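Here's a quick, friendly tour of one protein model. Have a look at it first, and then we'll walk through a few spots together.

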Amino acid sequence: MYPLIDMVTVSELEKSNVMKNGSILYENLRDPSPLVLYEFYFWNLENGEDYLSGNDEKLRFGQKGPYTYIEKYGRDQIEQENGEYEDSSYYAFRQTRMFTWSEEHSCADCFKHDKPVTANIVGNAVHGIVTNISRKRGWAERNVTIVCDKTATGPSTECEAALEEPASCEFLPNNPLLKECFPSNLEDWLMIIANDVFVRAGSKLYDDDKTVDEILFGFEDEIFKKLGENLAQRAQDATLLGEVFDELSEVFTDLTYGIFKPKNGTVEEPGAGWDHFKNRNGNGQNCLDGRTTCAYRVNEILEWEGKTDLSPWYGEEKINYCNKIEGTDGQSIYTDTRKEDTLTFFISDLCRSIYMIPGDVTVNLEGDGYKIPSVVWYGPPDVFWTKSRPEHRCFCSPNLPEGWCENYDGLHMMDQCQMGAPAVATGKFFLK
């Protein structure tokens with residue numbers, strides 16, 4: 001919530017909103033005072049056993065929450081372009097984040113050690129991680145031929161990946177047992193291997209042994225380790241795909257997974273996913289929207305993690321609506337913000353920028369009876385719409401069911417941000 005003050009001159013803005021060490025703005029940048037409440041809701045599976053046994057035809061879920069954590073932002077490693085404000089057009093920093101459980105702000109019967117019954121998190125995470133790495137490395141387009149025993153009806157882990165693009169089975173090694181050939185791609189073959197580990201481990205379709213705190217901020221699982229061992233053995237035996245198996249083995253062998261684990265940390269133990277920004281500090285004359293002075297554009301994001309745009313979401317063009325990095329990091333707004341403006345914030349948790357629209361509110365000051373007309377910015381219902389907002393469809397993950405984005409509004413799949421795991425975000429109004 002940001003009360004607006006109109007009677008401010010350009011020169012006053014330029015004096016009070018610089019990134020010079022010792023200024024108010026610099027100190028607020030280094031140690032932002034507002035705390036952010038993160039509220040998490042879980043859909044608890046209520047009839048898993050009855051569904052698997054055939055007694056129930058449909059799964060039943062109950063929502064529980066909020067499980068609330070207080071997030072404290074900070075910034076360190078602050079650097080000016082040329083060491084001093086006067087000669088710099090940007091400042092760079094690392095954004096730090098720490099999450100602390102808040103029983104006060106959670107529901108009355110919500111505790112961080114609750115164990116919600118959810119879809120098998122490890123199963124989804126493993127397949128998502130393989131998919132994510134595969135597409136980043138180009139493995140999805142890498143063809144292989146799966147060669148199996150002549151009695152096989154389809155590829156399995158008893159088969160092996162042969163030369164990547166043989167002309168026909170006759171070109172394979174002269175082995176009388178290896179008769180059936182199944183053209184495939186490397187990603188599908190890796191999925192078969194991962195699925196085999198799950199089946200052998202007797203994994204269930206749902207998971208009831210992870211706490212809320214573990215799901216969000218990190219857990220280990222024997223299945224990760226078994227998959228890592230399986231891939232390590234394949235790396236030793238493979239003549240063609242050893243480097244692929246070896247890379248995946250390293251990922252899974254010591255993996256501690258959590259939806260928000262990379263973001264959480266302390267100065268002593270930094271979060272692996274802490275963000276690095278390069279922002280405008282007010283100097284320079286290349287502001288995007290052409291307003292009179294760059295002093296009005298303090299904190300505008302110029303780069304995130306060294307990028308001026310995101311790697312492609314799912315549009316045909318690299319630089320498209322969905323891949324823009326724009327606005328601020330959400331900890332500040334432009335000094336020239338006007339009450340009719342739509343604000344844009346880049347949310348690294350979602351790997352995207354979102355917009356917020358203004359609404360009029362009245363702030364009541366406690367104890368003195370004063371009421372101050374103010375403006376609050378909020379995410380509108382259509383921020384995650386795809387059915388009604390076709391321009392948003394470049395956010396649509398290929399892991400969603402076919403036609404999802406054309407038929408539904410309100411869901412943003414964050415798999416690109418979560419190592420390929422099927423995490424989703426919705427607006428206040430959910431699906432329609």
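## Ground rules

A polar contact here is a pair of N or O atoms within 3.5 Å; within protein, one of them must be able to donate a hydrogen and the other to accept it, and residues adjacent in sequence count only if both atoms are side-chain atoms. This is a predicted model, where local features need pLDDT of at least 70 and side-chain atom pairs count only at pLDDT 80 or more, while totals for chains, interfaces and linings use all residues. Residues are numbered from 1 along each chain as its sequence is written, and side-chain values use heavy atoms, with hydrogens and water left out.

The side chain of Asp-409 makes a polar contact with the side chain of Ser-388, at 2.5 Å. A polar atom of that Asp-409 side chain also lies 2.9 Å from the backbone nitrogen of Thr-386.

Where does Asp-409 lie? Look in the loop between helix H9 (404-407) and strand E14 (411-413); helices (H or I, at least four residues) and strands (E, at least two) are DSSP runs, numbered from the N terminus. Asp-409 counts as buried because its relative accessibility is 2% (buried means under 20% relative accessible area, exposed over 50% and partly exposed in between, with a 1.4 Å probe and protein chains only).

## Lys-58, out in the open

Lys-58 sits in another loop, between helix H3 (48-53) and strand E2 (61-80). With 65% relative accessibility, Lys-58 counts as exposed.

Leaving aside residues up to four places away in sequence, Lys-58 touches Asn-47 and Tyr-51 (contact means heavy atoms within 4.5 Å). From C-alpha to C-alpha, Lys-58 and Gly-48 are 9.6 Å apart in space, and they are 10 residues apart in sequence.

## Helix H7 and its partners

Helix H5 (residues 186-200) and helix H7 (residues 222-237) have axes that come within 10 Å and cross at roughly 130 degrees. Axes are lines fitted to C-alpha atoms, for helices over the stretch in contact, and angles run from 0 to 180 degrees between N-to-C directions. Among the residues making the contact are Trp-189 and Phe-198 of H5 and Lys-226 and Arg-234 of H7.

Helix H4 (residues 121-137) packs with H7 too, at an angle of about 35 degrees with the axes 10 Å apart. Here Val-122, Ala-125 and Val-126 of H4 meet Ile-223, Phe-224 and Leu-227 of H7.
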